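Subject: Structure for you to look at

Dear colleague,

Here is the structure I said I would pass on. My notes on it follow below.

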Amino acid sequence: MGQGPSHDEVHLETRVENPKNGKDPQGLALIAHGRLGGTFDQPPVRLLAEYLRDERQLRVVTWNARGMGGSGGGNEWTHLGVWLGDAGISDYHRMLRESMTAYVEDFPEAKEAPLFICGYSAGAIFAGCSRPPISFPQFAPAHYVLISYPVDLNPLIGIHKSGSYFRSVEALVQGHGWENLPAEFHGKEPEVTGVFTVTGQLETFVFYGMWTGILGSKNARNILKQVVVEGAGHAWGDKAPRIVEEVNKWLSTL
């Protein structure tokens, strides 16, 4: 499965937000939510969206996954391809391409516009498997923000595809190694400004430590930052503001 669509397109309920101060956005961010009842109103998604919109002055695009809210199509309970992540990845590619196109049409003078590719839970898998098309030179190399990447649940979500999902993130920090990298990149990963993972301490199990160690060992580009937040679980609850705090700290070091 590469960058091309693997599922029929369906209507996705989409929210496009520009900075509340009325100024033109200085860049673009996309955030995908988690599954099993998740929507674009999940606290980790909303808090990050509001921060990127108002503090970083970005246009922020979020959407409800298939079968959720006002989005069409079947959900993970009714379609195997949705459960495995095929549809979520295909939809992220589509949203990324359409959002970049709209941004350039709205702001044709844009140069080196910041680009954030983000996701929470299963949405982090979809984000990690997405690459900005090379046909948009108006954007700077992407920032990846992966919240609660479901390391220990990835084999359950992706089944036979889980290895490819892990390699997609490893390749971002290594510069190569993902078998499903779109052909337009000729085997070399696009430049990336940074890859940031933030995970709750209560969702870190045995495989988390193993894989994050592997990920760190492959950080040949020196662009990876991994953070674990003490006392936070997968839903985050009252620890959700820590996501924004940690993202802000990371961005201040770049």
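The axes of helix 6 (residues 162-174) and helix 7 (residues 206-217) come within 10 Å of each other and cross at roughly 35°. Axes here are lines fitted to C-alpha atoms, for helices over the stretch in contact, with angles running from 0 to 180 degrees between N-to-C directions. Helix 6 makes the contact (heavy atoms within 4.5 Å) through Phe166, Val169, Glu170 and Val173, and helix 7 through Phe207, Trp211, Ile214 and Leu215. By class, the residues of this contact are 7 nonpolar, no polar and 1 charged. Ala, Val, Leu, Ile, Met, Phe, Trp, Tyr, Cys and Pro count as nonpolar, Asp, Glu, Lys and Arg as charged, and the others, Gly among them, as polar.

Before you read on: this is a predicted model, in which local features need pLDDT of at least 70 and side-chain atom pairs count only at pLDDT 80 or more, while totals for chains, interfaces and linings use all residues. Residues are numbered from 1 along each chain as its sequence is written, and side-chain values use heavy atoms, with hydrogens and water left out. Helices (H or I, at least four residues) and strands (E, at least two) are DSSP runs, numbered from the N terminus.

Helix 3 and a cavity

Helix 3 (residues 86-106) has 15 of its 21 residues buried (under 20% relative accessible area; exposed is over 50%, partly exposed in between; 1.4 Å probe, protein chains only). Its end C-alpha atoms are 30 Å apart, which agrees with the 30 Å that 21 residues should span at 1.5 Å a residue; the expected span is 1.5 Å times one less than the number of residues. Arginine 94 is in helix 3 and counts as buried because its relative accessibility is 12%. Beyond its neighbours within four places in sequence, arginine 94 is in contact with Glu9, Val10 and Leu12.

Leu12 also lines the second largest cavity, as do Trp63, Arg66, Asp91 and Tyr92, among others. Helix 3 gives the largest share of that lining, 4 residues. The lining has 7 nonpolar, 2 polar and 2 charged residues, and the space inside is about 80 Å³. The structure holds 2 cavities of 30 Å³ or more.

On a 1 Å grid over the protein atoms alone, a cavity is a set of points where a 1.4 Å probe fits but cannot get out, and a pocket is an open set with protein on both sides within 12 Å along at least five of seven lines; lining residues have an atom within 4 Å of a point. Grid points are joined across faces, edges and corners, and a volume is the space filled by probe spheres set on the points.

Of its 13 lining residues, Pro132, Pro133, Phe136, Phe139 and Pro190 are the closest to its centre. The lining is made up of 12 nonpolar, no polar and 1 charged residues.

Serine 148 sits in the loop between strand 5 (142-147) and helix 5 (154-158), and at 0% relative accessibility it counts as buried. Its contacts, not counting residues up to four places away in sequence, are Tyr120, Ser121, Val198, Glu203, His234 and Trp236. Serine 148 and glycine 200 are 52 residues apart in sequence, with 6.7 Å from C-alpha to C-alpha.

Serine 121 lies in the loop between strand 4 (115-120) and helix 4 (122-128) and is buried, at 10% relative accessibility. Its phi is near 60°, a positive value in a residue other than glycine. Asparagine 222, in the loop between helix 7 and strand 7 (224-229), also has a positive phi, near 55°, but is exposed at 65% relative accessibility.

Regards
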